[in-house]
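Please walk through the structure below, one region at a time. The text moves from a strand to a pocket, then to a core and a loop.

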Amino acid sequence: SLYNENNPGTYIFTAVLPECYVLADGVTLPEILINVYDNAKMVGSWEWNDPDSHISEGVLALPGVSKENPVDFATLVSMLPTSILTTLDASEPSNTPVPISLAWSSKDFVQAQDGDFPVQGEYKFTATMQEGYILSANAPLLEITVRLGGAMMLPNSNTFTTLEIRESTATGA
């Protein structure tokens with residue numbers, strides 16, 4: 001259907017190239033997805049509902065992940081917050097913090113053809129709020145960076161250590 005900002009629904013806009021251009025193999029045109037909600041509540045400020053304090057400054061660090069100790073998507077997502085605590089915009093009748101459930105996705109953290117998941121690097125995870133809520137234009141995005149790898153597991157223990165390299169200077173007489 002045609003886009004109507006007053007008609008709730010999902011609208012997908014896809015870029016169209018002029019006829020004189022051809023896309024390279026494997027390249028797709030960008031799409032913009034617009035959801036128009038009926039009576040949606042605007043979320044202004046929010047914070048992660050993270051009682052175990054896994055998230056620090058928008059990062060979930062998992063230094064113990066390796067080829068020998070991998071993590072799959074479901075396990076990783078289970079470590080991310082399941083909700084946020086929000087304060088609805090001032091136009092709403094109440095400014096009491098409200099918990100809102102989240103669903104997580106990542107375009108970066110994907111399973112390889114051999115079935116393995118990545119074991120090192122940084123991956124962006126984006127949360128979607130439960131139906132009926134939308135972020136206001138000035139609210140921070142619901143994104144967490146997951147940092148994998150960077151530690152060496154000690155044999156026969158449940159602890160890990162990080163590798164730190166320091167520069168030293170020799171002094172002599």
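Leu135 lies in strand β9, where a strand is a DSSP run of E with at least two residues, a helix is a run of H or I with at least four, and both are numbered from the N terminus. This is a predicted model, in which local features need pLDDT of at least 70 and side-chain atom pairs count only at pLDDT 80 or more, while totals for chains, interfaces and linings use all residues. Residues are numbered from 1 along each chain as its sequence is written, and side-chain values use heavy atoms, with hydrogens and water left out.

Leu135 counts as partly exposed because its relative accessibility is 26%; buried means under 20% relative accessible area, exposed over 50%, and partly exposed in between, with a 1.4 Å probe and protein chains only. Beyond its neighbours within four places in sequence, Leu135 is in contact with Met42, Val43, Trp46, Met129, Pro140, Leu141 and Leu142 (contact means heavy atoms within 4.5 Å). Ser45 is 90 residues away from Leu135 along the chain, yet their C-alpha atoms are separated by 8.9 Å.

Leu135 also belongs to the lining of the largest pocket, which has 19 residues; Asn35, Thr126, Ala127, Thr128 and Leu135 lie nearest the pocket centre. Strands β2 (31-36), β8 and β9 (133-135) each give two or more residues to this lining, and β8 has the largest share, with four. A pocket here is an open set of points on a 1 Å grid over the protein atoms alone, where a 1.4 Å probe fits, with protein on both sides within 12 Å along at least five of seven lines; lining residues have an atom within 4 Å of a point.

Leu76, for its part, touches Leu62, Val71, Phe109, Phe125, Val146 and Leu148, leaving out residues up to four places away in sequence.

Ser106 lies in the loop between β7 and β8. Why does Ser106 count as buried? Ser106 is buried because its relative accessible area is 15%. A polar atom of the Ser106 side chain lies 3.2 Å from the backbone nitrogen of Asp108 and one lies 3.0 Å from that of Phe109.

Technical notes:
Polar contact = N/O pair within 3.5 Å; in protein donor to acceptor, adjacent residues only side chain to side chain.
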